[in-house]
Amino acid sequence: MVTLDRLVNVLGGYGARLIGPRAERDVELHSVAMHDPTADEPVVGDVFLAVGVPSVTRGLELAAQAHSRAVLVRGASGPDTAEQARRAGLAVLVVDPAVSWSQVAGAVYGLVLEGRETEAGRGPSDLFALADTLAGAVGGAVTIEDPHSRVMAYSGAQQDADPARHDTILGRRVPEPVRELFERRGVFAHLAASDAPLFVPAAPEHGLHGRMVVAVRAGRELLGSVWVACRAPLDDRRRRVFAEGAHTVALHLLRSRISADLERQVESELVIELLDGTADAAAVIGKLGLPPGRLRVVALQAHTDERHGAILLAFERATTGFGWSRPGRSTMFGNTVYTVLPAGEDAGPARDWLRDITAGLPGHVTFAAGIGGAAGPGELPASRQEADESLALHALHPHRDVVSYEQSWDEILLQRLRTAASAGRIPDRGPIAELARHDAVHGTGYLRTLRAWLECHGDRVAAAAELGVHQNTVRYRLRKMAEIADLGLADPRKRLAMLITLAVADEPGPFSARTFRRPPPVSHP
């Protein structure tokens, strides 16, 4: 916990001085309030920043209305200031005029909101620590939830905990029957419209003993809600503490959002640098906090009716977590999330990571993903290309498992050949084109027979088994094909070229077998 003594000592370095009798220096500070002349009601907080207040006396009055333990003021203190502070029970810190309010506010918010630590050892910026503090202040088990009733944090205290709370924490979300109950009782409508705490009566059929809930809001934006388990409405004192706690939660969430956005921006720029290729790849990997060794690039696309909504949600899930607690580092480029993962030679961890990410997406979201091959720091651009190609293959066949480069390199190579072939003109003549036209006109299956024979390395028996015909049929067809076109089957390079042509013509596209089915050119005598 941050105490008044700690606050006074730190602010002394900013030129602030404590006046009047020495207050109880071990008083714990939990929240901060700043003077807002436009607010309809007095703001509340343990530390009051009298920004813009013209006199110390007026600052003391406002701090008393805010139920504060300490007040920071700027201005000349009079001979009776110490006595006023004693009567109000306030610690008065006079701010040095040479120090800006922004510097002082940054120090105070950082100390009070991010300096707490609970007995459980939860550290700075931890909503769980705030939930523990709030639970101790109001005397009930606390949960902090986002606007979709997903649990963001909960207290370790279990006062008045009920089965509904246990199910909520285990499922990381309020159970659907309980959500429907809250909807019918108008709880969510109240949270959308009011900042006042609301008591939710017990519902034994849902394992609910009773709740008090208050909205967490920043301006007009609903950031979430705070819930405390209680069998009866809180008394006035605890209700006020509960409402103050919601304001503190809002500050935490806003600061966390800013911190997360800055962290994502820095991370994204470094990952893009790796994927584009850099001579200092090892140093960039060190900055990202990735372990040394082989890495993989994973490419992910998510789609839904809401434009960009699904991919933004996937990016948020991929980058959620502070202090480098995540296995990978991610960026979003266009409509694709790229993640660099330490995966070594085994693609299994990358598949597990993708499974965890996509499991948290809504059920109506569809996705495609590809896993690049293992690469050293300087080879990550190649792994990115492999991830893109694997993703494209998965998008063509969405019902198959996620595609990894090692598993599907042959299909990817053929896709590269299709792409290369589509860039040029397809010849009107040649053995494959001639046989394709003959098949189209006469209903023969020569192309299929030729491919089976090539894939079986010229083994007529194996080709016949593949086609489900007698080997003499294969021999007959090969003889007829030789009459139609110059196959050159004795030339290994021609055999390879024909096999590649047939393979890349499998998929629909500009270089498919249908391309060859055009009428022969008109011959002139």
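Predicted model: local features only at pLDDT ≥ 70, side-chain atom pairs only at ≥ 80, totals over all residues.
Student: What share of the residues count as buried?
Tutor: Here the cut-off is a relative accessible area under 20%. Of the protein's 525 residues, the share that counts as buried is 45%.

Student: Is T358 buried or exposed?
Tutor: Let's find T358 first: this residue is part of helix α12, which spans residues 348-359. Its relative accessible area is 15%. Buried means under 20%, so T358 is buried.

Student: Which backbone oxygen lies 2.8 Å from a polar atom of the T358 side chain?
Tutor: Two backbone oxygens are worth a look. That of R355 lies 3.4 Å from a polar atom of the T358 side chain. The one at 2.8 Å belongs to L354.

Student: Which strands stand at the edges of the open sheet of five strands?
Tutor: The strand order is β9-β8-β12-β11-β10, with antiparallel pairing. Two of the strands have a single partner each, so one side of each is left without a neighbour in the sheet. Those edge strands are β9 (151-154) and β10 (198-200).

Student: What is the bridge partner of F199 in β11?
Tutor: Strands β10 and β11 (residues 211-218) run antiparallel and are joined by three bridges. Within β11, F199 has as its bridge partner M212.

Technical notes:
Residues numbered from 1 in each chain as written. Heavy atoms only, no water. Helix = DSSP H or I, 4+ residues; strand = E, 2+ residues; numbered from the N terminus. Buried < 20%, exposed > 50% of the residue type's maximum accessible area, 1.4 Å probe, protein only. Polar contact = N/O pair within 3.5 Å; in protein donor to acceptor, adjacent residues only side chain to side chain. Pairing = 2+ DSSP bridges.
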